[in-house]
Amino acid sequence: MSKPRVATVWLAGCAGCHMSFLDLDEWLIELAQAVDLVYSPIADVKEFPADVDVTLVEGAVANADNLELLLQLRERSKIVVAFGDCAVHGNVSAMRNPLGDPGELVAEAYRDAVTSLHGHLPDPENGIVPALLPRVMPAHEVVRVDAYLPGCPPSADRIRTAVEALLAGTSPELAPTQRRFG
Amino acid sequence: MSALRSAAAAAGAAGAAAGPLPADDPRVALLTTQLKKVRYRADALIDVLHAVQDIYGYLSPEVLTTVADALQLPPSRVLGVATFYHLFTFEARGDHTCTVCTGTACFVKGADALMAGVSEAFGVAQGATREDGSLSLLEARCIGSCGLAPVALVDGTIVAKAKPDAVIAAIRNAMEASVSAEGAVREAAAGEGGAA
Amino acid sequence: MSGGVDLFDLAQKEREEQATYRRTVLCCGSTACLSGGAQATQDAIRDAVAEKGLEQDVRLVATGCMGLCSRGPLVKVRTRGEDDVLYADVDADAGRRIAEQHLTAGQPVEDKALSLEHPFFARQVRVVLENMGEIDPNRIEDYIAHGGYRALRDAVNTMTPAGVIDVVQRSGLRGRGGGGYPAGSKWKLLNEAKSDQKTIIANGDEGDPGAYMDRTVMEDDPHRVLEGMAIAAYATGAVKGYIYVRAEYPVAVRRLEQAIRQAKRHKLLGKNLFDTDFSFDVEIRIGAGAFVCGEETALMASIMGQRGTPVLRPPYPTERGLWGQPSMINNVETLANVPTIMRRGADWFASIGTDSSRGTKVFALAGKLDNTGLIEVPMGITLREIIEEIGGGVAGGKAFKAAQTGGPSGGCIPLKHIDTPMDYDSLLALGSIMGSGGLIVMDEDVAMPEVARFFMRFCMDESCGKCLPCRAGTYEMHELLDALVTGRGTAATLARLETLCEVVRTNSLCGLGQTAPNPVLSTLHYFRPEYEALLVPDGAHLAGLPGAHAAAAADRASASANTSERSA
Amino acid sequence: MAGVNLKIDGVEIEAPAGENLMQAAVRAGVRVPGLCQLDGLSVVGACRMCMVEIAGTPRPRPACATPVGESMDVHTDTPRLREHRRVLLEMLFAEGQHICAACVASGACELQNLAAELGVDHVNFTPPPTRLEMDLSHPRFGYDPSRCVLCTRCVRACAEVEGAFTWGVAGRGRETHLVADLGVPWGEAESCTSCGKCVSACPVGALFEKGTSVGERRVPRALVSTLTARRERESHREVLK
C-alpha cells in the first residue's frame, strides 16, 4: 500500500503555523517516513498535485492567488484542514476587513506611508502582487472544510494529535485545551 | 436654588459635552413647569423626555444633563432610557417631515416603493434629514390606518392609499407653502419699513 | 352625591335630550375616516343643516369607527321610526346632498347608500365594539345613556369580588392580547395576592404593525376601558390602575385623559365609589416607540420610567410586579369585554364562539381585500367567511394566497386551511396564533420569503438587545433571509436559518424572541418551494472575484463546497 | 434552612432552598457554563449559556436564575443544549471583532474558554464590516467596544458594588452598547471613581488596564465577588466594638 499523500499550503498568514509544525522536531522524521509530502512551502513544488489525501491550509483567503489555490486544492484533496486561526476564522489576516477598500490599503502600504521604500504601487499586471479580495475570508467561507485546527499558532502537540488522527482515518478529537483560539 | 440651575451649573462643569442651558431661554421655563408637574419623580422620566422633545425638538446632551440632575438620576440611566425608545431623537429634524408607514398592511400594499420614491425624489436617505435641513424622511411602524394602506404622513397629515407621486406632490406643496409664507412675512416686514 | 344615583338620572336625561331630535346623523370621526376627509364632510352637513334651519330636528354626532375604513368617510342617518341608512365614501359634496335630500326631504341618497344587510356588517357580532359608530366618545353622558357604568355600579353595590371573578371565569373570557390566558384565572391570582398596593394595568401598547383594534377602542369608547378596569380593580382589590398607551396614538391619549377627568367628576373613579370603601384611580402612561413593551415585564419597567427590557419570570407580576407589588396586566380589548359580560351575563357571553374560545374577537382586517377595516366576529368563524363574505373577497380578482395573524409573532394560514375556524387552539395548531387581532390578507403577488424577511426586520429592530439569542439571532436570521431573497442564499443558508429558528425560539428570554421565528417557520412550512426556488449553487458567491476565474468557479465549487451545516 | 432534594445530571443532591441551579450544580460536581453571571452581582439571565433542561418543563431555563425545586430532574449537558450553546456562542463571536491572538485577555478570557470548552472551533457567521472606535480617554483603563459581549457585569459592578452608576446600557437590539455617564469619553465621566471594578468584572478583553499587551490581563475576576462577600460577612460582625 502506498503512503498517504500529505500537503501543506500557506495562504494569507504569517507562516507561524508552519513554524509550529516544524516544532514537532523528531516526530517529523517519523512523519516523513509514514507519508509523502507532495506539496508544501518548505518543498519546492510549483503545481498543487492531484490525489492528495490530507491538506493542511494555513492562512486566510486574502487575494486572488489564495482563492485560486484553495479552490484547486479542494478539488484535489480528500481532506482539507483549516490549519490555525487565520484559516479558521480570518484572525489577524482579516483585521483589514473593517478598514475598508483594499486598494486604499495597498496605496497606503506601498506608496503613501513614510516607511514606503519605493513610493509607488507594485505593478499587478506583471503578477508581482496578486489582486486583493474585497474581504478576507476564512477557508470554510470558500470551500468545504473537513476539520478545524484552531490556535495562533496551533501548538505542535495539537498538530500532532490532529495529523495522527487523520492519518489513522478518524476525525481529530481535540481536547478542550487543544482547541482554544489564539 | 432650582434643580434646573444646579443642573446647568453641573453641566457647565462637565465641559464641552454638556454646556449650561441659557437662563434666558424661554424653553427652560417650559421644562421647569413640566418637571414640577411630575413632581421631579424619577419614574416620570419618559414623560419628561417626551416634553423635552416637544419643547426642543430633540434631546441634546445639555437638556439630558438637566433632566438627570432634576430627577436625581445617573446620567447613564437617562441616556439608556432615551436611546432605548425609537421616538426620541438626538438631532434636530428637518423643516418638513415625511413619515412612511411600514406596517404590515402598508408593506403588502407597496410601502417599499413609496419610501424609495420619496427618497429618490428628494435625495434623502431613509431615517435621515436632507443636508439643507428641509426634509426628514422617517418610517413609522404602523400608524393604525391599515384600512387606508399604504399611507404616509407629510407634516402630520395623512396621505391615504398613497402613490409615490402623490406623496412627493404633498411634500412639494408643504415646502412651497412654507416658502411663500416666509415670503409673505418678509414682504409684510418690508412693508412696515423692515421694522421686524 | 353618589355615582349610583346620578347615573340613572344622567342616563335618563341624556336619553330624553336625544329623543327630542327626529334624526341623528352619526358621522364617523375615527382616524381613518378623518384622514379620508371626514371633517370636511361633517362641516358640510352641519352647514347645510344650519342653512335649512334643521338644528332642532337633526342631531349631529362625531362617533367612533364604523368599521369599513376602506369606504370612509362613513355617515349613518337614523330617523325615528325608520331603518338606519348608511352612506359610504361621503365627501363634502355627498354630505351636502345627504343634508339636502335625506335630512330635509326624507329622500335617501341612493347612490351613496350601503345596505346594512351588506355581509361586512351582517356577519359581525358586536360586544367590544357595540358603541362604535353609536356614541360620541367625547361625552360620558352618551356612554352612560347607552348603559355605561351600570355594570360597575351593580358589581360594587350588589356583588362580592369573588362573585365578579366567578362571572368572568364562567364567561370563558381569555386574554385578547395574544396569549389567550383565561382572564378570570389571572384576576383570581391577583385577588389572592396579599397587599394593599395592588395595581392593574391596561395594556394599550398595540405594537403589531397592521393592527389597530385597541387604538380604536381607546379612542372611540374610552369609558368602556375605564369601566372594565374599575370592575377588575374591584374584583382583585387593586387600588391603582395604569393605562399604557403607545405614543403613536395621541388621540387615544387625549380621549382617555378626558374620559378620566369626566369619570372622576361623576365619581366613577376616585375615592369611596358608590359610597363604599372601594377606591380606584387611573393614570395614563405613554410609551415611546418600543414593541417589546407589550411584554408584561418590559411594560412594567417602562411604566417605572426605565428601559423596556423584559426580566425573567417567575416571579410573575401577580406576585411581584409594579414597584414590587402584585400587579396584573390585561389587554385593552380584554377589559373592554368586561362591562358587557357583567351586564349581559356569563352565559350570554359563553354562548358566543366555540367551546375553548368564547365570545368575539376584533380583527383589523387589512391587505388585498375590497373591504378592509375593523371587524368584530364570533370566535370560530372561518377565515373563508371573513375573507369572502366580510372582506368581499380578494381585490382585483386575484387569487388568495395566505393570511397572516399574530403579526411578527404569528404565522400565515394558506389556502388549504382557509376553512379553519378562527379560535385560539385551531390557529395554534396551524403554527400561527390568534395574536392581538391583526389579519392581513395576501394575494398571489406576494412573495412569502419577503414577508418573512419583513417580519424578521421588524423583530430585529424591536429586539431590546438584552438577551443574546434574540439580539444576535434576529439579526443573523434577517441576514440569512436577505441573502435568500436577494439571490445569495444556498442550501446551507436555508439549513442555518432553520437551526437559528430553533435556537432563538428555545433560548430567548421573552416572548418577542421566542416567537420571532414564527413567520419564518410558518412560511417555510407552507411555502417551502418558494424558498427553494431562490437557492443558488454553493460557491456562487465567489463568482466575479479575482482568482475564482469568473463563472467557472461557481461550477467547480458547487461540486465540492460547503453543504453541511457543520463539519465537526 | 430546609434542604431541597433534586437530581442534576443524574446525581442526587440536597441544596438549601433558594439556591439557584447554577450553584446547586456545583454540589453535583457539575459546572454549568455561564457568561453574564458573576457571584456578588444581581442575576440578569441574559447570555443564555447556562440554559438547562428540567424534566416536565417545556422550555429550557437559565440555571443562574432558576431556584432549586423539590424533586427536580435537571439536565445540564444534553446534545440539544450543547448544540444551542455552540450556535449562541458563534453568534456572540460574530457580533464583535474577537481576535484572540491580538487580545489582552487571551488566556484569561471567558469567551475564549467557553469556545474551547463547547467545541466552537470555527464561526459560521460573519463579523460586522466595521470596527468600533476604542475609548482610551481614561488615564488607567481602556474600553474596546468591539470586544464587548454585553454581559453587563461592568454595569452591575459599577452600580451595585461601587455605587457610581458610571456605566450604563444604551441603544437597543444590535445597537446596544455601553455608555459612560451621558455618553462621554470614559476619561471625562465625572462619576467614575477609577476603582477598576468594571475592569475586573469584564469576562473578555473589552475593558482592560492600559499598558497591558496580548495575554497580559492581570486583574482577578473574583474581586467583585470577594468584595461583596466580605462586605456581607463583616457587616454582621461586631469587630470594632
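How many of the 6 residues of strand S2 (residues 135–140) of chain B are buried? The count is 5, so to speak a strand that is mostly covered. A residue is called buried here if 20 or more other C-beta atoms lie within 10 Å of its own, exposed if 12 or fewer, and partly exposed in between, with C-beta atoms placed from the backbone. The model is a predicted one, in which local features need pLDDT of at least 70 and side-chain atom pairs count only at pLDDT 80 or more, while totals for chains, interfaces and linings use all residues. Residues are numbered from 1 along each chain as its sequence is written, and chains are lettered from A and ligands numbered from 1 in the order in which they are written.

Strand S2(B) has a partner in strand S1 (residues 96–101) of chain B; the two run parallel and are joined by 6 bridges. Within this pairing (at least two DSSP bridges between two strands), Cys98(B) has Leu137(B) of S2(B) as its bridge partner. Helices (H or I, at least four residues) and strands (E, at least two) are DSSP runs, numbered from the N terminus.

Chain A is as compact as a globular protein of 182 residues, because its radius of gyration of 17 Å is close to the 16 Å of the globule rule. That radius is taken over C-alpha atoms, and the rule is 2.2 Å times the number of residues to the power 0.38. The C-alpha trace of chain A spans about 55 × 35 × 30 Å along its principal axes, and 45% of its 182 residues count as buried. Of the contacts in chain A between residues at least 6 apart in sequence, 77% join residues at least 24 apart; a contact means C-beta atoms, placed from the backbone, within 7 Å.

Nonpolar covers Ala, Val, Leu, Ile, Met, Phe, Trp, Tyr, Cys and Pro, charged covers Asp, Glu, Lys and Arg, and polar the others, Gly among them.

Chain A meets chain D through 20 residues of chain A and 17 of chain D, the latter being 8 nonpolar, 6 polar and 3 charged. No contact joins chains A and B, whose closest C-alpha atoms lie 22 Å apart.

Methods. Contact = placed C-beta atoms within 7 Å.
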